[in-house]
Structures are given as structure tokens and as C-alpha cells.
Amino acid sequence: MHSDQTQPSPFQNRPEKTEHVNLLIVGGGLAGSLLAWNAEMRGLSFRIVDPVPSMNASLAAAGVLNPVTGKRLVKSWNVDALLPAARATYRRIEQICGGKYYFDREILRIIQTSEERRQWEKRMSQPDYASFLGELLPPGSAGYGWVDPLGSFRIKGVGNLLIPPMLETLRVRYKSNGSWIVDLVRHEEIRILPDTIQWRNLAADYLIFCEGHAGKQNPWFGHLPFNPAKGEVIEVEGISIPANPIVHKQKWVLSLAENRVITGSTWGWNPDNEETTSQGRTAVYRGLCEMMPKAEGLPIVAHRAAIRPCTKDRQPFLGLHPKHRRLGLFNGFGSKGVLLIPLLTNHFLDHLLGGIPLIPEVDINRAWVPENSDGLPILP
Ligand SMILES: Cc1cc2nc3c(=O)[nH]c(=O)nc-3n(C[C@H](O)[C@H](O)[C@H](O)COP(=O)(O)OP(=O)(O)OC[C@H]3O[C@@H](n4cnc5c(N)ncnc54)[C@H](O)[C@@H]3O)c2cc1C
């Protein structure tokens, strides 16, 4: 048996030399990867650390950027600024890295209730909805076997991002130049020093947590009102619909390839795991069959589940820890990461590097609770 002194340290064989970077990014989903991209575009040095799981929210997502959502057909928060920034970011990644990931789309929204139709009429009379909503289409015009007894309308200005291949492209880019570390950051390994943050042999000006739903367990930020929600999606074979439009009624349906669609999703609050469930699978399948009865009996060829990093007020969490000003949080993108993250990476780095104040709606200060003398929150 070893005494304490003879036990090998887990870091014993690591090089002693400390490397310095501007940013250490914890988490390589869409949030961390796009933060890394923006840092690269600004000429900052960075490392991004993620064990590269087979599933996370970004890999399960349909990748839809939807400007008008919900039963009340409400414009997404700040969409007039978010949408062009998202398009520009994804197109720039395509230009520089190669590949095609972003597509302009429309949504065919099949009307479910007479109340929804009234909402459409109301929004059509509001000038700021004019560029997003199309004319009412009569029942029967949706085609392809969709059930549309109350008609439908188009939502314009929609986008679709193929997230997994784009993230893979960024990961290969950053692995090949040594910027991506395939590992998990254990919080107890993080040292807060007066001028830097130290993690193993890396010293960083700032360490930014982009941990998705795992942010709820973060010792510095986990007390913020996160509200994680599990979502499940399925892929069904035997349906051929065009890539444009994406169809939405009680579920959304996207063409993945000739003869295959992806459809979802479910909302399960306070999840305790990321496993797929038979209830989730059935709920999504039933939703599809109600929208398109001829889907009944077609095979489900894939089924995925992941946890959305939602927050109680449905707005993201951006900011630096009030006491440890070199620890930051970039998280809470809920069900709209594809739309929100590109503009907010820019905004966050402007805040970090240029002292630009954060927009109050995304600033963690809106939800911060007082701390004790160790810098840890006093939980209610
Ligand atoms: C079913 C479903 C459908 C969705 N559809 C859409 C959609 O159509 N449009 C849209 O905009 N959004 C959609 N979303 C939401 C979208 O997926 C999220 O907003 C977004 O992907 C969040 O990205 P993230 O990087 O914050 O989190 P994640 O993608 O979950 O990534 C977090 C990463 O952090 C890593 N990590 C955590 N802790 C550590 C640590 N200690 N050390 C190292 N790494 C760590 C994890 O390994 C993970 O890779 C959907 C989500 C789900 C579940």
C-alpha cells in the first residue's frame, strides 16, 4: 500500500511548462465552438476542451432558425439583429472552411385551431411582421398528404443549419492546430490566480464555461435559474418531401434525404438522464401520423434524445462571475441556440475585451443571488 507521499500525482508526467492563451473554453457544443470561431476571427489565442460525446443538445437539434414561434406567433427576441448575424457567421464558416451547412428556408405552418388563424390575422396587420408571414393558403393546398383542414401559411426568413457536419469541420480544424483538447474539465482542477486562470499546464486570461445543461452543476454559476428540458427526435423512412419548406403543426418535420424525414420533438422538464424513451418515441411518431396519416406503419430508423440548456426566463446567461472576473459563463441558449449564439458570441467578446455592457436581457446579473465570502452563492 502506498503512503500519501508515494502516490503518483495524475499530473506528474505532464510537461512543466505553462502555456498561455487568451481564452480557455470549456465545452465544444454549438456555443463553445462558435465562441472559439469568433475568437479565431479576432486573432485571439484559445483552447477548447470537450470529451466529444456521441450526443449533446447541438447534435440532436434540428437546426431550425425560426423568426416567429409559438401559438401566439410571436417574433423571437431581437430576431431582426440575430438572423442576419447568424446567416453571416454560418456563411463565413462555409467560405473559410469549405462545405455547405446553412440553407435559407421557409416553414409551412399548418393551422391547428381557429385561435391560431385569428393570431395570424392579427400579426398580418402589424407592419413588423410583414417580412415574416405569408398569405393564408386554403385547406388542401399543403399537398404531400399533410392534413390541413384550416389551411396554412408560410413563415419566411427561416434558416436551417446542418449542425453535426459544421461542428465536425470546426473540430477537425481546431484539433489539427492543437487548439482542441479531447478531455473533460474537472472543476476542482481549476485554479483562480490573481492574473490568470490555471487548468493543468494552461494559463488563460479568461475561462469561459459553455457546458450546456451540465452548467447546472457548475460550482460558480450552477445556482442560476437553469431549467433543462429533454427533447427527443426520430427519423422515419418512407416519406419524400421537399427540403423547402420545413413543415410545422404540432411537430416539425424536415426532409433529411430522399425518402427520409426527421421529426420532433418532445419537452420533458427536470430530466434526470439523457436516455431515449419509448414514450418520447411514441409521442413524436403519433404527432407525425396525425399530421400525415400515410406515415402510419413506416419504420423509425433513428431515435435521439438530448437536454436543452433552458433557463427559467427563456433568455441566455452571459457574464463574468461578480467576484472571479476571469471566470465567465456563455450558456442558457435553450431551444434557440442556432439563432442566438452567433450574434451573442460577438457581444460577449465585445464585453470581455472592450468592456461593452451586456444587454440586460442576457446578462447573468438579472438572476444573480448574493454570495458568501468565498465567492459561492448563498442559495435560497
Ligand atoms: C431535440 C432538440 C431539438 C432542438 N432543435 C433546435 C432547433 O431546431 N433550433 C435551435 O436553434 N435549437 C434547437 N435545439 C437547442 C440547441 O440544441 C441548443 O440551443 C444548443 O445546441 C446549445 O448548445 P450548447 O453548446 O450550449 O450545449 P451542448 O450542445 O449540449 O454542448 C455542451 C458541451 O459541453 C461539454 N461539456 C460539458 N461539461 C464539460 C466539462 N466539464 N468539460 C468539457 N466539456 C464539457 C459537453 O460534452 C457538450 O459537448 C434543440 C435541442 C434539442 C435537444
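Predicted model: local features only at pLDDT ≥ 70, side-chain atom pairs only at ≥ 80, totals over all residues.
Visitor: How are the axes of α1 and helix α5 (residues 163-176) placed, and at roughly what angle do they cross?

Guide: Two packed helices are described by the angle between their axes and the distance between those axes. Here the axes of α1 and α5 cross at roughly 50° and come within 11 Å (axes being lines fitted to C-alpha atoms over the stretch in contact, with angles from 0 to 180 degrees between N-to-C directions; helices being DSSP runs of H or I with at least four residues, and strands runs of E with at least two, numbered from the N terminus). Residues are numbered from 1 along each chain as its sequence is written, and side-chain values use heavy atoms, leaving out hydrogens and water.

Visitor: Is the crossing of α1 and α5 left-handed or right-handed, and which residues make the contact?

Guide: The crossing is left-handed (the near helix is turned anticlockwise from the far one by less than a right angle; clockwise would be right-handed). From α1 come L30, S33, L34, A36, W37 and E40, and from α5 I163, M166, L167, L170, R173 and Y174, contact meaning heavy atoms within 4.5 Å. Nine of these residues are nonpolar, one is polar and two are charged, with Asp, Glu, Lys and Arg counted as charged, Ala, Val, Leu, Ile, Met, Phe, Trp, Tyr, Cys and Pro as nonpolar, and the others, Gly among them, as polar.

Visitor: How does α1 pack with helix α7 (residues 337-354)?

Guide: Helix α1 (residues 30-41) packs with α7 at about 40°, their axes 9 Å apart, so this pair is oblique, and α1 passes α7 in a right-handed crossing. Among the residues that meet are L30, L34 and N38 of α1 and V338, I341 and F348 of α7; the contact divides into 10 nonpolar, four polar and no charged residues.

Visitor: Where does H187 lie?

Guide: H187 lies in the loop between β9 (180-181) and β10 (190-192), and its side chain makes a polar contact with that of E211 at 2.8 Å.

Definitions and conventions: Parallel < 35°, antiparallel > 145°, perpendicular 65-115°, else oblique. Polar contact = N/O pair within 3.5 Å; in protein donor to acceptor, adjacent residues only side chain to side chain.
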